[in-house]
Amino acid sequence: MKNNTTFKSAISNLSFPAKEKVSGKSIQNPILGLIIEDHPSFCDSDYIAVKELNAYRQKYISNYLSTEIGALSDLEKGVIESLKEDKSIVSTLEDEGEVRNFGQKIADKVADFGGSWTFIISFLLFILIWISANVLILVNKGFDPYPFILLNLILSCVAALQAPVIMMSQNRQEEKDRTRAKKDYMINLKSELEIRMIHDKIDHLIMHQQQELIEIQKVQIEMMNDILDQIKK
């Protein structure tokens, strides 16, 4: 007669009233996982008491509440660490040295000097000294008397060389613009990928929270139903 009114729990080997008998098949996965974690031999065909099941339900809710508070901070730490794993692409690109051949270096230096106030002032002083030396000092009997044919030849040569220098300067500026555009594209691509990663992690966290809240509600409803059944009995 006693065997009909009581049963033995599979996890504690204690006897409980038959009305508190709960089959392992009716236990939800999160709670069942906690039971199996403590009692690996427990299976679906075993039985436990409602009191023991409620203890594991409370343990599940406590674990969830204790870990959920730190979930957002853990996510933030994960994102920050993932961003810090690689060296900043901006600093990486800035550290890359520009490879230039000898002609490109000369073109840059000539273009920099030819487009500066230093060149303009120096050239004006050269012309002024040239004219003054021939007109005032040598009284138009020097190496280049008026109308300064040699000076005109020099100015013509400078003007002839100006066009290719300007072209070289424009070509070098186009190369620099292409390199700068490539670096900007890489930086923008890196930013887009990082933003997508952050969005994916936030979406994953939201979905995880929703699933956990649903499981919590199910557990609470089951506990309330068990309490109501015990009150009715």
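1. The lining of the largest pocket draws at least two residues from each of α6 (102–114), α7 (117–137) and α8, and α8 supplies the largest share, six residues. Helices (H or I, at least four residues) and strands (E, at least two) are DSSP runs, numbered from the N terminus. A pocket is an open set of points on a 1 Å grid over the protein atoms alone, where a 1.4 Å probe fits, with protein on both sides within 12 Å along at least five of seven lines; lining residues have an atom within 4 Å of a point.

2. The model is predicted: local features need pLDDT of at least 70, side-chain atom pairs count only at pLDDT 80 or more, and totals for chains, interfaces and linings use all residues. Residues are numbered from 1 along each chain as its sequence is written, and side-chain values use heavy atoms, with hydrogens and water left out.

3. The lining of the largest pocket comprises ten nonpolar, five polar and no charged residues. In the second largest pocket, the lining has four nonpolar, three polar and eight charged residues. Here Ala, Val, Leu, Ile, Met, Phe, Trp, Tyr, Cys and Pro count as nonpolar, Asp, Glu, Lys and Arg as charged, and the others, Gly among them, as polar.

4. For the second largest pocket, α8 again deserves attention, as the element that gives the most to the lining, with four residues.

5. Phenylalanine 42 touches Ala10, Ile11, Gly24, Ile27, Leu32, Ile35, Ile36, Tyr47 and Ile48 (heavy atoms within 4.5 Å), not counting residues up to four places away in sequence.

6. The disulfide count is zero (cysteine sulfur atoms within 2.5 Å).
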